[in-house]
Amino acid sequence: MKAWDAIVIGGGHNGLVNACYLQRAGLDVLVVEKNDWVGGAATSRELTPGFLYSNCSYVCSLFRPEIMRDLELPRFGLQVISYEGGAVFTRDGDYLANYRDHDAHRREFARFSRRDAEAYDRYARDVTRQCRFIQPLLMRTAPDPTSLRPRDLGELLYLGKKFAGLSAEEMALTLRFWTMSISDFLDEYFETDVIKANFALSGIIGTALGPMSPGTAYVLLHHYMGEVDGSVGAWGYARGGMGAVTKALAASFLAAGGTIRTSAEVGHVLVQRGKAKGVVLADGEEICGKLVVSNADVKRTFLKLVEEKELPDIFLRRVRNFKIRGSSGKINIALDSLPEFPELPKDSPVYRGDMHFTDSMERMERAYDDWKAGRWSADPFLDMVIPTTLDPTMAPPGKHFMSCFVQYAPPKVNGRDWTDADRDGFAESVISQIAEYSPGFRDRIVHMEVRTPREIEAEVGLTEGNIFQGELTFDQLLFNRPVPGYAQYRSPVGGLYMCGSSTHPGGGVMGAPGRNAAAEILRDLAKPTQHMSPAHDVI
Amino acid sequence: MAQAIKKKSSAPTSPARTAAQSHFRTLRLGTPFQPRIDVLARTNDWYNWAGYRAPHSLWDEELEYFAIRSQAALFDISPMTKYRIEGKDAEAFLNRVTLRDVTKLKPGRVHYTAWCDDEGFVLDDGTLFRLSPTRFRLCSQERHLPWLLDSAIGFDVTVEEETEAIAGLALQGPTSFAVLRDAGFAGVERLKIFDLAEFPLGGGTVTISRTGFTGDLGYELFAPAEQAISLWDRLMVAGELRGIRAIGYTALNRARLEAGLIVANADFVTSEHAIRADRLRMPDEIGLGFMIDLEKGHFNGRRAILEARAKRKLRHVLVGLEIEGNIPAEHAIVYHRKSQEVGLVSAAMWSPMAKRNIAIASLARPFGDTMVDDLWVEIYAMRELQYQRLMKRAKVVPRPFIKLDRRTANPPADF
């Protein structure tokens, strides 16, 4: 039987990035994907004729430009378009907009607080400083602080030097940033509730924490450290939806001679004498591989795909306790016309940006209270975009695709599994919120895809539907991601590697975990890595 | 289950709110003088000054410069950030915030000052106008409302941003006094350098100070935005026979360089905008050490400044350079012995008034401080798609590069 050089479990963006780099290093690589399409959580699917949805992830910023270049993704159709600002609608019939133009942004904030308008520069400076500190760490394997290997010592030294290079004020800020709640952090700069709510949303997206929970300040940073073509912190739409990212990756992989098998769900990883030897598909088919790379999250990989007896107790316990709690849902809507928001002028650029309806920190925190009680939020927080205002490829002219990221949605409802009735109730809470601000909204709906944690886990395979494959709290970052001692993409099973967002540097459509895992694998195989660009300089 | 939180109202948006929201349609505001400036803008050469549409030039940047030095030049300074600071403790508050001793600033006087964060790094420089014993106006390049409000805790003082409400004009040049006198501002001849006084204008007043950014005889005028057009017209009519011309920033920038004056975020990076920690500067590092008054009691940054001076932690120095030849050395690297990189030129020009090639540069101490010999600048002059690389000798010289008696002469000369 043929033995592949490497088998990658899961055709999400990290699995494909990993497969691309391995294939380009001369390995013979097979990607096995359970769905009959690739993409994982970066997909574009046509569920109703004429409309493409970005079914899960919906905006792009974190995807590393070094990877786009190495894997020639533009040649395979990837284009990312920056989008314009956004807004929070307020309950009293106004809105707070974010504009790309610095002075318009200031004037808009000054409508609510002249002080806060002028506080923005210091806020932006501090966030930028922290992003510059973290960015170079994204494309490096986290050092093992307990190891005495020269490489780990070198990496630790690099980290230490970077930290020592900060001023006393910056060091203090770094530690605060990694541990504070986003609410406390914003209190240091702003006084106006709606302005704080406007920024706080980046601190809770994808996280089973509220804006007042410690650790959420870092989540905000995680959303700011990306870029669109050098514009740091900017977000954009992938033309053709987020599936364009994985479509380009798959095409790049195939062009390099790789092989993809869809509708091939892995039942378990074949382990012999503590070493991975391949995978067994759900239908019993055995595929041999010299090594196996899992793009599935760490829980799915080690609690479902590997037999417990193959794993050390402490590792198992830590994997079981890894926080990967479901906190969000997603509603994709096909609209027969552009929704109107009477409060928003028709020529406002906000239609081409992200829109929100949660205008206070308290509402955001209350929405989280519902989650803690095991309910979806009665007054949910939405991150809503209409990519078709900038991307003509996703809907017929005049018609639109709207993406609503919804928080919070618990993994179980009152302790039991989600039902179809729950799903409909969840959708109604979202639609009714939008309709409050957009009269006639319901009448524009042509089709709708509602995804609770149940649907996301079932289709994409993300445990509890957690979009980051594990929360981005400091206890689960760097050399602790996913668990201490196994932060370098290897596992207790020889030849079994991890490459998903459960690993450093974490979630978002970034590609860095897939790339870094490939670098480690090639190191183990003593293969050259010249085809892998180092991280771009941060100067 | 908790309830969905509904909108409080769907009442039609008020006209005032709609008007306030509509700013996104005009990304660059006009100043109160814009109707007059637009008519004079032959070059349509605009730049963004703090969100305003401001002219680089209006008709000819060379000739606009000579208007400053030979006649009277009118420059719109309305986009400058302005704060009104008022109250019983206004003096004590400003003494705490800024470097200089504000108790020595009498009502009716102006001084050039700067202010620092608690680490002693310069937040900005600007001019402080004492309009009355309890009322001040602070003018600056950047915005500082959070800093000023936070610093005001414990003081009986109010701080209000009044940039849009107050129109500002600089009238600079040898005939500027005569223009003001002929415009009917009786008593303006009594203003000595850094004096200010209020004069009737329409139903209100205009504040005229003998200040400016050119090193020449000149005045600055501040009036409510509604009075702007009538003020402009009055000056233009009065100045017609004395060669008054409106100018853009390029001309003004030349004049300020000859006067040896620095510009925030051009010659140094302000601390609230410096992303790279090594770009921060203490007053002693950008030539503003003379402002620091250690006798006056505590002020923001005092401890850090004292420590840096004591422990010799001042790493940079800002100097004036005279460079051989006549090729401007803008953004050239400064070398010691033609080999060791020791600094950067932030502004440079051939000075028509000094007939010298001048520059402002930031150097790493001890260069420019105790070691001033054997300094060179490397000029890359682009000429027809080729760099002409020149290594020219640079000499540290005192600023200002030009000193004009007419700037301070009393009574002011009547040209």
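**A tour of chains A and B**

Start with the interface: 30 residues of chain B are in contact with 40 residues of chain A. The model is a predicted one. Select helix H1 (15-21) and helix H5 (145-151) of chain B; these are the elements that give two or more residues to the side of chain B that touches chain A. Colour that side by class and you will find 13 nonpolar, nine polar and eight charged residues.

Next, go to chain A and show its open sheet. Five strands make up this sheet, in the order S12-S3-S2-S16-S22, and the pairing is parallel. Select strand S12 (259-261) and strand S22 (496-498) of chain A to see the edges, where each strand pairs on one side only. On average, neighbouring strands of the sheet are turned by 20° against each other, direction ignored.

Zoom in on strand S3 (residues 29-32) of chain A. Three bridges join S3 of chain A to S12(A), and the two run parallel. Pick A:Val32, and opposite it in S12(A) stands A:Arg261.

Last stop: helix H16 (residues 453-460) of chain A. Which residues of this helix are buried? They are A:Pro453, A:Arg454, A:Ile456, A:Glu457 and A:Val460.

Key:
Residues numbered from 1 in each chain as written. Chains lettered and ligands numbered in written order. Predicted model: local features only at pLDDT ≥ 70, side-chain atom pairs only at ≥ 80, totals over all residues. Contact = placed C-beta atoms within 7 Å. Helix = DSSP H or I, 4+ residues; strand = E, 2+ residues; numbered from the N terminus. Nonpolar A, V, L, I, M, F, W, Y, C, P; charged D, E, K, R; others polar. Pairing = 2+ DSSP bridges. Axes fitted to C-alpha atoms, helices over the stretch in contact; angles between N-to-C directions. Buried ≥ 20, exposed ≤ 12 C-beta atoms within 10 Å, placed from the backbone.
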